[in-house]
Amino acid sequence: IVVREVERGAMESLFATSLEKSELLLGKLLPYFCVSMLVLSLAMLMGYFLFEVPLRGSLGLLIGLSAIYLLVMLAQGLLVSVTSANQLQAFQTAMLINFLPALLMSGFVFSIRLMPLPLQILSYLVPAKYLVTISKGIYLNGLGMEYLWPSALMLAGAATFFVVMSIKKFVKKIR
C-alpha cells in the first residue's frame, strides 16, 4: 500500500500536507477495507444463492467479526508495506507471514488437532484461525457472541496491535 507509492514518488505530495501519520495511513486503508467488504458480501451471496450454503447464525455478527478480521489483514499488510524497502520484499514478506500460515495453519485445510504440538501452539498467532472458528461457528452451528468472544477478542487485539505498530513504524519523510 505504502511502499509502492514511495517507490513511484507519489508519497512526497502527501508528506507535504498537514496530515498526521495516523490519518494518512488510515486513509490508505479505507478504500481497501471498503473493497474487501464488498468482496465479502459477494462471497456470502454466492455461497447462499449459488451453492445453497445455509446461514444458521447471525448475519450481522458474521459481517461484524469478518470486518475485524479484514482490518487485521489490512493492518498487517500495512505494517509490511511501511517496513519494506521495495515492493518485491513486501510481497515476499506478506506471502511468508500471511498467506502461507493462513492456508496451512488456520484449520481451514488441515485440522489443527492433527498437527504436531509446536504447530498447534504456533497456530494461535495466525489470525485466520480465528476467522475459521468464527465462520464455522456461525455458519454451521448458529453460535452467538457468548461462544465466539475469545476469537473476536483475539482478532480485535491483533487489529489494534498491527494498526498501532504500522503508525509507529511509518516514517513521514522521503527516503
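Reader: Why is Ser84 counted as buried?

Author: In this predicted model, Ser84 has 3% relative accessibility, and buried means under 20% relative accessible area, exposed over 50%, and partly exposed in between (1.4 Å probe, protein chains only); therefore Ser84 counts as buried. Local features require pLDDT of at least 70 and side-chain atom pairs pLDDT 80 or more, whereas totals for chains, interfaces and linings use all residues. Residues are numbered from 1 along each chain as its sequence is written, and side-chain values use heavy atoms, without hydrogens and water.

Reader: Where is Ser84 placed?

Author: Ser84 lies in the loop between H4 and H5, helices being DSSP runs (H or I, at least four residues) numbered from the N terminus, as are strands (E, at least two).

Reader: What makes the span of H5 close to the expected one?

Author: The expected span is 1.5 Å times one less than the number of residues. H5 has 19 residues and reaches 26 Å from its first C-alpha to its last, close to the expected 27 Å.

Reader: Where is the kink in H5 centred?

Author: The kink, of about 40°, is centred on Met95; the bend at a residue is the angle between axes fitted to the seven residues ending there and the seven starting there.

Reader: Which residues of H5 are buried, and what covers them?

Author: Ala90, Pro101, Ala102 and Met105 are the buried residues of H5. Their cover includes helix H1 (3–8), H4, helix H6 (117–122) and H7, where contact means heavy atoms within 4.5 Å.
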